[in-house]
Amino acid sequence: MQRTLRLFRDRTEPVTVILRNVRPWGEAASDVQIDDGVITALTPATSDAVIAGEAAPTGAVVVEGNGRILLPSFSDVHVHLDSNRIGLPFRPHTGAPGVWGMMLNDRKNWRDTEASVADRATACLGAMIERGTTRVRTYAQVDVDAGLERFEGVLAAREAHRNRADVEVIAFPQAGLLREAGSADVLEEALKLGADVVGGIDPCSLDRDPVKHLDIVFGLAEKYGVPLDIHLHEPDQLGLFSAQLILERTKALGMQGLVTISHGYGLADLPAAQLQELIDEFAALDISMATIAPAGQPLPLQQLAAAGVRVGLGQDGQRDYWSPYGNADMLDRTWQLAFTSRFRADELIEHCVAVATVGGASVLNPQAPRLASVADRPGLNAGDPAELVLVEGDTVTAAVMDRLPGRTVLHRGQVVADGLELV
């Protein structure tokens with residue numbers, strides 16, 4: 001007997017799921033079978049959910065795709081859940097220019113927010129899941145002002161959605177490590193309490209001592225056996241200098257595949273020869289990149305893909321004390337990535353979708369399938385994890401342009417959100 005079930009977010013036992021009449025990456029209509037959280041079969045769509053020539057297994061959950069596009073679910077690999085104000089009253093932007101000024105503005109205001117860090121992070125993460133994100137790497141600010149309060153709030157959000165998304169938490173020294181006594185101690189305390197990743201930020205322009213800054217963050221990453229993610233807002237040659245120091249540390253400590261550079265704004269300003277040399281070095285040491293699709297300074301996605309550099313996408317802060325932008329929707333941020341990259345061709349817009357889905361997944365897990373070229377579309381074959389989202393659209397590019405509601409989201413092969421709201 002088949003049973004149709006739209007939402008089973010708290011189910012933990014193994015179950016067979018049939019996605020009926022879906023279009024993987026916008027191609028021909030198919031039926032997709034999922035067992036134990038893994039795609040096991042894709043066959044031409046049929047009216048009676050026939051999979052591999054046989055009737056759907058007894059007890060299988062059948063999800064009607066209604067001809068929607070099937071994509072890998074989104075991976076947000078650069079988001080600040082601890083600072084978001086999604087769902088709260090809109091407020092005027094009061095931040096001052098520069099990282100330090102913006103940090104001080106956040107510090108002045110965050111405790112007066114209408115809801116706790118835990119409540120805001122939990123609500124925002126839930127909204128992200130509803131819109132198709134099931135893999136997340138989030139920052140949690142740790143400093144002498146916040147202590148571990150923001151970190152603990154993000155941990156609470158992860159626990160609240162533990163059956164709906166995989167979440168990595170970065171202990172992030174937003175205020176730097178050298179400007180305020182005790183900053184490095186708070187960072188290490190977060191790692192002792194289970195932070196998944198150690199963060200760093202602007203070794204030259206913020207802390208003004210790149211050697212000491214990198215000594216601390218690489219030392220902690222090595223001590224606790226965790227990856228490293230470094231915000232790099234620094235421009236042009238200063239950004240190149242910091243990147244080269246990061247490359248040296250990565251090679252010396254054998255941390256290939258474990259280091260991510262976020263933003264990398266200065267890359268867009270480098271001369272062509274320097275840029276290509278740096279990209280080749282990133283590829284050689286398997287350093288990944290995370291972008292938020294900023295205006296005016298897009299990452300060279302085509303060059304990075306050609307070199308084999310892992311690249312993911314994220315939403316950054318969302319309607320917080322840093323910026324009024326953000327809406328918990330990675331499909332919207334995918335549109336922004338295509339727009340700021342000045343892409344028009346379908347192949348390039350679909351590459352942005354690939355970056356936002358399997359590209360980000362490979363940033364989180366260097367052993368996961370990665371993009372081999374701009375034309376690569378992995379993640380929807382037998383044996384792939386069933387981290388999936390169904391979206392409306394004539395084509396994948398149309399789905400990015402229209403960003404329609406009515407999405408169905410699967411995590412570990414189970415439906416965890418269904419915008420169709422059908423019984």
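Trainee: Which residue just after α4 takes a positive phi?

Mentor: Glycine 194 does, at about 110°. The model is predicted, with local features needing pLDDT of at least 70, side-chain atom pairs counting only at pLDDT 80 or more, and totals for chains, interfaces and linings using all residues. Residues are numbered from 1 along each chain as its sequence is written, and side-chain values use heavy atoms, leaving out hydrogens and water.

Trainee: Which residues of α4 are buried?

Mentor: In α4 (residues 183-192), they are Ser183, Val186, Leu187, Glu188, Ala190 and Leu191. Buried means under 20% relative accessible area (1.4 Å probe, protein chains only). Helices are DSSP runs of H or I, at least four residues, and strands are runs of E, at least two, numbered from the N terminus.

Trainee: What covers them?

Mentor: The cover includes α3 (149-160), β8 (166-172), β9 (197-201) and α5 (210-224). It is judged by contact, meaning heavy atoms within 4.5 Å.

Trainee: Other topic. At what angle do α9 and α10 pack?

Mentor: Helix α9 (residues 330-340) and helix α10 (residues 346-364) pack at about 135°, with axes 9 Å apart. Axes are lines fitted to C-alpha atoms over the stretch in contact, and angles run from 0 to 180 degrees between N-to-C directions.

Trainee: Who makes the contact?

Mentor: Met330, Thr334, Leu337 and Ala338 of α9 meet Ile349, Cys352, Val353, Val355 and Ala356 of α10.

Trainee: And the whole chain, how many helices and strands?

Mentor: Eleven helices and 16 strands. Of its 423 residues, 58% are buried.

Trainee: What box do the C-alpha atoms fill?

Mentor: Roughly 65 × 50 × 40 Å, along the principal axes.

Key
Buried means under 20% relative accessible area, exposed over 50%, partly exposed in between (1.4 Å probe, protein chains only).
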